[in-house]
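Here are my notes on this model, as numbered points. Please read them with the structure open.

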Amino acid sequence: MALLEKQPNNTAIDAQLRKFSIDPDRIASLPVISPTSIDPQLWPVFDSSVLQYGVIGRHKVMRYDFGAPVALCPAVVNRTPDPINRTLIAEEEIGTTTSYSISSTVEAGFFDVVKLSVTTAFGQTWSHSKKYTDRLDVTIRPGHMMWLEVQPVMRILEGDFVHFVREKFWPSTTWKTKVAARFSGTVTAPGVEGSLKDVITVRDVPVSAGLAEGFRAVAEEGSLPGASLSRETTVVPGFLATALLGDSAESEDVTDQVKPA
């Protein structure tokens, strides 16, 4: 069950669709296209006396739910026989995903349509990424590894996007629809509303001698980007720690303890 679910007010969007002879109740009957096939110049709505085109988003629901846990910082292994104090600093960005393919050439136009339609239908602004810059002072026990992890609140937007191209040339007074098609699915992006908030945890797990030696070796030879070695610690990418040891790591909610980096 979703943390929160919001229904849209599509009154203004439906009026815009009807202006371009698109029946909001019959969107599902339009032919399906890939958003990558839409010329980047044809995404913004354009309306003149002889030419009309653009992409209009019409949404069905916006749900809020937790996304998959994501490591926010490199994981630090204490190689010494004594506890050590370190500061874990978040350096991760979580962005938008879609259930369909969006190419880099049409990405800007697509997000402009999403922002406009979300603001119109839900009264909610839309940002398609979030950068985490939190920090936490921790004490790492001998032979243990620690890192920060977030379970982000994600907005899941379900709906349709309609692409149209129409023309009218003198002396005709009738619009001719050249293109009327749709693509549908979900757009998922980080975002909170009301009392919802991301949950940040600090993960703590003992590292076996064999795995510690493996981490040390790859850090020493420089074959793993983001890994490093010092006299007291071995540092490896957080995603690797989550993948290898996440299931067995202790987890403490530190949402209210982290501070901006």
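1. Strands E11 (residues 144-151) and E14 run antiparallel and are joined by eight bridges. Strands here are DSSP runs of E with at least two residues, and helices are runs of H or I with at least four, both numbered from the N terminus. Two strands pair if DSSP finds at least two bridges between them. Within this pairing, Trp-147 has Arg-203 of E14 as its bridge partner.

2. This is a predicted model: local features need pLDDT of at least 70, side-chain atom pairs count only at pLDDT 80 or more, and totals for chains, interfaces and linings use all residues. Residues are numbered from 1 along each chain as its sequence is written, and side-chain values use heavy atoms, leaving out hydrogens and water.

3. E14 also pairs with strand E17 (residues 250-253). Four bridges join the two, again antiparallel. Val-202 stands opposite Glu-252 of E17.

4. How covered is E14? Six of the eight residues in E14 (residues 199-206) are buried. Buried means under 20% relative accessible area, with a 1.4 Å probe and protein chains only. Over the chain, 43% of the 261 residues are buried.

5. The chain holds four helices and 18 strands. Take contacts (heavy atoms within 4.5 Å) between residues at least 6 apart in sequence: 82% join residues at least 24 apart.

6. The radius of gyration is 25 Å, whereas a compact globule of 261 residues would be near 18 Å. That rule is 2.2 Å times the number of residues to the power 0.38, and the radius is taken over C-alpha atoms. Along the principal axes, the C-alpha atoms fill a box of roughly 90 × 40 × 30 Å.

Key:
Buried means under 20% relative accessible area, exposed over 50%, partly exposed in between (1.4 Å probe, protein chains only).
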